[in-house]
Amino acid sequence: MAITRVIAGGYAEQGAEGLRLLQIDGDRFTRNDLVAPIVNVSAGVRIPTSSKWLFVDETAGCVRLADASDEWRELASVPSGGEGPCHLALDANATRVAAANYDSGTVALFELDAAHHPLTPPVLHQNRGHGPDPDRQESAHAHWVGFGPDGRLYVADLGIDQLLAFRVPGAASPLAEPAPVLRAPPGSGPRQLAFHPSLPIAYLVSELASTLTVLSIDGERFAVGQTLSTLPDNFAGESLGGAIAIRPDGRRLYVSNRGHNSVATFALDAKGQATLLGHSSCGGSSPRYLLLLPDQQRLLVAHEEEGGVTLLPVDADGLPQRPADRADVPGAAFLGLVPD
């Protein structure tokens with residue numbers, strides 16, 4: 001196997017001092033270096049065909065631009081358009097970046113200039129409402145943003161139990177009111193969405209309910225096809241749905257369970273329907289982020305509460321095995337593949 005490099009971010013409250021560069025050779029971590037003092041990173045995106053990356057800093061409430069080819073030097077920092085930014089997404093042309101601000105429930109859309117700097121002020125939308133959980137759903141909490149195959153900007157809002165879709169406006173134009181393409185079960189807490197690589201299907205992980213919902217897409221309409229638990233039938237403890245990852249061939253899908261501390265593996269059939277295959281121990285506590293490496297034979301898991309990134313070999317059936325190695329990354333919350 002070729003040498004693989006991964007950038008890892010974490011929370012300062014749990015000991016992170018900045019971004020760490022991990023190097024992987026086979027099933028072993030061979031490098032773990034602190035490379036930049038950018039902390040509280042729970043999301044990041046690389047500008048395609050570029051060495052530049054955009055990261056969120058949740059605590060500072062900003063989006064930072066850094067250059068991997070220049071020792072990860074920070075090039076710009078702009079306010080995220082709200083409080084507690086926790087996710088970022090680039091559009092297909094890499095000319096805009098969207099940010100989900102969890103604490104304030106706002107969605108921000110930035111234009112990027114020719115040097116990939118986010119231009120301020122962004123276009124903003126304030127999500128409104130609440131859910132039945134008084135502790136987690138007292139107000140809107142935008143948790144995930146992404147541009148769909150149809151070009152619309154999608155937002156999973158944990159606080160209001162909705163999946164929203166925005167038509168992307170022209171430059172500097174306001175965001176129109178979104179269409180609620182899914183009203184999730186009350187109290188379920190939508191967290192992350194993933195689109196099937198080739199079928200008109202999307203998969204929603206709900207944090208509070210620990211469920212995977214299979215959504216069929218017909219034009220601009222979403223319909224619920226399946227809702228499956230991500231936990232074992234006999235599990236009686238506390239757990240939250242976490243991250244989602246899907247293989248590029250569309251045959252396997254992975255969801256992390258924060259509390260049960262496992263990775264649930266689902267088989268996807270030719271129509272995109274899901275069947276739970278089983279659960280694998282992730283080798284740590286509170287698995288917040290999953291990264292499937294390009295060979296699809298290794299899965300990385302970032303553990304927020306134990307500060308470790310584990311490497312799980314994946315067998316021929318797509319099932320993660322026992323962790324083969326661990327890298328010390330305090331407060332680990334984000335992983336991103338660094339190309340050669």
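Hi everyone, and thanks for having me. Please keep in mind that we are looking at a predicted model.

Let me start with empty space. Rolling a probe the size of a water molecule over the atoms shows where empty space is left. The largest pocket comes out at a volume of about 1,400 Å³. Its lining takes in 45 residues, and those nearest the centre are Gly44, Val45, His87, Trp144 and Tyr289. Which elements give two or more residues to that lining? They are strand 4 (44-46), strand 8 (85-90), strand 12 (142-147), strand 16 (190-195), strand 20 (240-246), strand 24 (287-292) and strand 28 (332-338). If you like to think in residue classes, the lining of this largest pocket has 31 nonpolar, nine polar and five charged residues.

Now for the second largest pocket, which holds about 360 Å³ of space. Here 20 residues form the lining, with Arg136, Glu207, Arg258, Arg288 and Glu304 nearest the centre. By class, that lining divides into nine charged, seven polar and four nonpolar residues.

Arg191, which sits in strand 16, makes a side-chain polar contact with the side chain of Glu207, at 2.6 Å. Is Arg191 buried or exposed? Arg191 has a relative accessible area of 2%, so it counts as buried, the cut-off being under 20%.

Searching the whole structure gives one cavity of 30 Å³ or more, and the largest cavity contains about 80 Å³ of space. Around the largest cavity we find Ser42, Cys86, His87, His143, Arg191, Gln192, Arg288, Tyr289 and Ala333. In class terms, the cavity lining has three nonpolar, four polar and two charged residues.

Let me follow strand 24 into its sheet. Four strands make up an open sheet, ordered 24-25-26-27, with antiparallel pairing. Strand 24 and strand 27 (325-328) are the edges, each pairing on one side only. On average, and ignoring direction, neighbouring strands in this sheet are turned by 20° against each other. How many bridges join strand 24 to strand 25 (residues 298-303)? There are five, and the two strands run antiparallel.

Key:
Residues are numbered from 1 along each chain as its sequence is written. This is a predicted model: local features need pLDDT of at least 70, side-chain atom pairs count only at pLDDT 80 or more; totals for chains, interfaces and linings use all residues. Side-chain values use heavy atoms; hydrogens and water are left out. On a 1 Å grid over the protein atoms alone, a cavity is a set of points where a 1.4 Å probe fits but cannot get out, and a pocket is an open set with protein on both sides within 12 Å along at least five of seven lines; lining residues have an atom within 4 Å of a point. Grid points are joined across faces, edges and corners, and a volume is the space filled by probe spheres set on the points. Ala, Val, Leu, Ile, Met, Phe, Trp, Tyr, Cys and Pro count as nonpolar, Asp, Glu, Lys and Arg as charged, and the others, Gly among them, as polar. Two strands pair if DSSP finds at least two bridges between them. Axes are lines fitted to C-alpha atoms, for helices over the stretch in contact, and angles run from 0 to 180 degrees between N-to-C directions. Buried means under 20% relative accessible area, exposed over 50%, partly exposed in between (1.4 Å probe, protein chains only). A polar contact is a pair of N or O atoms within 3.5 Å; within protein, one must be able to donate a hydrogen and the other to accept it, and residues adjacent in sequence count only if both atoms are side-chain atoms.
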